[in-house]
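Trainee: I would like to learn how to read a protein model. Please show me.

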Amino acid sequence: MSSEKHLRIPNLDPDFFILERDRVNLERFARLSERHPVNIMVTGSQGCGKSSLVRQFAAIYGRPLATFQVGLLAESGQLFGQQRLQSGETYFKEFLFSKAIQTPGCVIHLEEINRSETPHALNELFSVLSEDRSIWIDELGTVKVAPGVIFFATMNEGEKFTGVEEIDAALRDRFYYIQLEYLPHEVEKQVLVRKTGLSESGADRILNVINHIRTNEQAGVSVSIRHSLMIAELVSLGASLREALVYSLQISRDALESLLLSVHVQTQDTEAELDRYVVYVPESSPATEKVFQ
Ligand SMILES: Nc1ncnc2c1ncn2[C@@H]1O[C@H](COP(=O)(O)OP(=O)(O)OP(=O)(O)O)[C@@H](O)[C@H]1O
Ligand SMILES: [Mg+2]
């Protein structure tokens with residue numbers, strides 16, 4: 001696959017919401033990046049919109065986006081390239097990271113920067129994120145970060161994440177920060193309505209139940225914006241809210257029932273439960289007649 005294919009300007013999400021002050025400061029970061037490369041760390045809980053924010057930034061400013069899973073790097077030397085063997089000869093295969101940082105204006109998304117398996121893996125990153133903005137790679141020579149490049153690192157923060165290495169203080173020092181929060185009820189409702197086509201009252205009904213689950217700490221069930229969208233999408237296709245919750249939240253039917261009882265909410269479902277076994281063949285097939293109670 002050619003690297004140009006990876007370095008695409010992403011599509012704009014017409015239904016993405018952020019705090020206005022974040023928008024204003026992102027504009028400043030974009031302008032700063034015209035003077036020198038900029039690093040921005042986006043933190044927030046799982047599924048609160050970190051990756052989407054980076055994508056949206058690239059889309060808004062018409063910049064190519066390249067995403068790298070830092071969490072998967074096990075050692076240094078895995079970002080720039082690798083010795084490969086072809087017809088008995090070794091050659092150095094340059095990776096996308098090297099090309100991306102040398103592409104003017106590129107948005108580079110470093111995902112899960114706090115999850116790299118060994119701190120060593122971050123060494124080469126440190127060089128390109130720190131003042132010199134360049135690194136010597138034996139096989140490539142000096143690789144310099146191109147003008148206008150912006151690095152976005154994303155990181156799941158919060159005590160719910162265990163096994164996450166604290167990232168090095170010296171590395172942390174070199175970032176601007178944006179802390180994303182879950183959206184307020186009214187905004188999340190707009191997201192559900194706009195992205196799934198549900199009515200406002202339909203979205204309200206879902207969010208009322210979800211917000212009860214969210215605020216019930218004993219339940220220990222976290223429901224992200226990703227989850228609320230998944231639930232709303234199922235409901236928009238005719239699922240009952242109970243059904244949508246069970247299929248989206250990795251929660252058993254029984255656990256959900258007791259959770260709903262404990263938070264004193266009704267899902268207001270009217271649909272009959274489909275609690276029986278059927279053969280799984282196309283709907284029109286006569287075999288669907290066979291049901292087992
Ligand atoms: N502010 C928002 N406005 C509209 N949609 C949003 C918003 N935040 C999140 N979403 C939607 O929620 C889903 C999850 O968002 P995203 O993948 O960006 O979260 P994340 O924080 O990167 O998650 P993870 O921690 O798993 O990496 C996406 O479908 C995204 O479009
Ligand atoms: Mg993400």
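Mentor: Start with the nonpolar core. That is a set of buried Ala, Val, Leu, Ile, Met, Phe, Trp, Tyr and Cys residues joined through side-chain atoms within 4.5 Å. Buried means under 20% relative accessible area, with a 1.4 Å probe and protein chains only. Here the largest nonpolar core has 31 residues. Those with the most contacts inside it are Phe 97, Ile 108, Leu 110, Ile 113, Leu 125, Val 128 and Phe 151.

Trainee: Which elements give two or more residues to this core?

Mentor: Helices (H or I, at least four residues) and strands (E, at least two) are DSSP runs, numbered from the N terminus. The contributors are strand 2 (65-69), helix 4 (96-101), strand 5 (107-111), helix 5 (123-129), strand 6 (134-137) and strand 8 (150-156). Helix 4 gives the most, with 4 residues. Apart from this core lies another, of 27 residues, among them Ile 206 and Leu 249.

Trainee: How far can I trust such values?

Mentor: This is a predicted model: local features need pLDDT of at least 70, side-chain atom pairs count only at pLDDT 80 or more, and totals for chains, interfaces and linings use all residues. Residues are numbered from 1 along each chain as its sequence is written, chains are lettered from A and ligands numbered from 1 in the order written, and side-chain values use heavy atoms, with hydrogens and water left out.

Trainee: What is Leu 125 in contact with?

Mentor: Contact means heavy atoms within 4.5 Å. Leaving aside neighbours within four places in sequence, Leu 125 is in contact with Val 70, Leu 79, Phe 97, Leu 110 and Ile 113.

Trainee: How do I read a strand, say strand 8?

Mentor: In a regular strand, side chains alternate between the two faces of the sheet. Both faces of strand 8 are covered. Ile 150, Phe 152, Thr 154 and Asn 156 are buried on one side, and Phe 151, Ala 153 and Met 155 on the other. With 7 of its 7 residues buried, strand 8 is therefore largely enclosed by the rest of the structure.

Trainee: Which strands pair with strand 8?

Mentor: Two strands pair if DSSP finds at least two bridges between them. Strand 1 (residues 38-44) pairs with strand 8 in the parallel sense over 7 bridges. There, Asn 39 stands opposite Phe 151. Strand 5 also runs parallel to strand 8, joined by 4 bridges. His 109 has Phe 152 as its bridge partner.

Methods: Buried means under 20% relative accessible area, exposed over 50%, partly exposed in between (1.4 Å probe, protein chains only).
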